[in-house]
Amino acid sequence: MAYHNSIVLFPDFIAILTDQVLLAFLREIENMSKTEKDMFTQEEAVEFLQNSWKIKNVLDRMKTDRKNLADEIVTQILAKVPFQSISLVAAKPEDRNRPSFEDIKARCTTGIGGLCSEMNTFTWGLLKGVGFDICLAPSTVTSTITAPENHAILLLRGLEQDGDLYLADCGMGFPTFRTVSLDFAEESPIFKDSFLEYKYVRHEGKILRMHGKGDM
């Protein structure tokens, strides 16, 4: 199958960490973390996952089954927390402010959801609370008119072994139902989810998400 049209575009991890745009983006999140308490303590995160979403043996699996646990949490977020813009559109312009951690936590744990800035910040806070090594990073979703760094994604380290790098994204209309290893040389495996068929490729210092013909 011919693949076309990059959906998510972001520099590789080394380039991301040295990019000034990312540093400014992460500084804002860092400032929030200094002025607000963590979105979840470990106790809160584990209790929520086990009692509300019925994910079993979270702490034990953090020691022995981290990749599958992360994938299960990502799948549950996609199933229970909608990616949507209705809340933003319905709000009065003067009320369209950056939500606090508590706002994001409340919207997502109650199933309201939101855009990538809320969905992936919630995912970051929840996985960080459990104990994953995770950070937010900017990326670009392409379209006929593309604004650089218009999308937030998540990068995780150490899911299966020390130093490995994985992508997670719970805030896009084309869902990714798993964490995806970015430690490939040229191309990732091909993923097939319902009507979606896609893969990730390295190209000119960036990583592109490429979709099969007919997905768009």
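Modeller: The model is a predicted one. Helix α7 (residues 101–109) packs against helix α8 (residues 116–130) at an angle of about 95°, and their axes lie 9 Å apart.

Biologist: Why are α7 and α8 called roughly perpendicular?

Modeller: Angles of 65 to 115 degrees count as roughly perpendicular. The angle here is about 95°, so α7 and α8 are roughly perpendicular to each other. On the α7 side the contact is made by F101, I104, K105, R107, C108 and T109, and on the α8 side by S117, E118, T121, F122 and W124.

Biologist: What makes up the contact of α7 with α8 by class?

Modeller: There are five nonpolar, three polar and three charged residues in that contact.

Biologist: Where is M39 placed, and why is M39 called buried?

Modeller: M39 sits in the loop between α2 (20–35) and α3 (42–52). Buried means under 20% relative accessible area; M39 has 3%, and M39 is therefore buried. Setting aside neighbours within four places in sequence, M39 is in contact with E44, F101, I104, K105, T121, F122 and G125.

Biologist: Why is C116 called buried, and why is C135 called partly exposed?

Modeller: The relative accessibility of C116 is 13%, and C116 is therefore buried, given that the cut-off is under 20%. C135 has a relative accessible area of 22%, so C135 is partly exposed; that class lies between the 20% limit for buried and the 50% limit for exposed.

Biologist: How many disulfides does a search of the whole structure find?

Modeller: Such a search finds zero disulfides. A pair of cysteine sulfur atoms would have to lie within 2.5 Å to count as one.

Biologist: How do you know that β3 and β4 pair, and in which sense?

Modeller: Two strands pair if there are at least two bridges between them. Strand β3 (residues 151–157) and β4 have four bridges and run in the antiparallel sense.

Biologist: Which way do the residues of β4 point, and are they buried or exposed?

Modeller: From strand β4 (residues 165–168), L165 and L167 point one way, Y166 and A168 point the other way, and all are buried. In a regular strand, side chains alternate between the two faces of the sheet.

Biologist: Why are S194 and E204 called exposed?

Modeller: Exposed means over 50% relative accessible area. S194 is at 78% and therefore counts as exposed; E204 is at 68% and therefore counts as exposed.

Biologist: What is the secondary structure of the protein chain, and what share of its residues is buried?

Modeller: The chain has eight helices and eight strands. Of its 216 residues, 45% count as buried.

Technical notes:
Residues are numbered from 1 along each chain as its sequence is written. This is a predicted model: local features need pLDDT of at least 70, side-chain atom pairs count only at pLDDT 80 or more; totals for chains, interfaces and linings use all residues. Side-chain values use heavy atoms; hydrogens and water are left out. Buried means under 20% relative accessible area, exposed over 50%, partly exposed in between (1.4 Å probe, protein chains only). Axes are lines fitted to C-alpha atoms, for helices over the stretch in contact, and angles run from 0 to 180 degrees between N-to-C directions. Helices (H or I, at least four residues) and strands (E, at least two) are DSSP runs, numbered from the N terminus. Angles under 35 degrees count as roughly parallel, over 145 as roughly antiparallel, 65 to 115 as roughly perpendicular and the rest as oblique. Contact means heavy atoms within 4.5 Å. Ala, Val, Leu, Ile, Met, Phe, Trp, Tyr, Cys and Pro count as nonpolar, Asp, Glu, Lys and Arg as charged, and the others, Gly among them, as polar.
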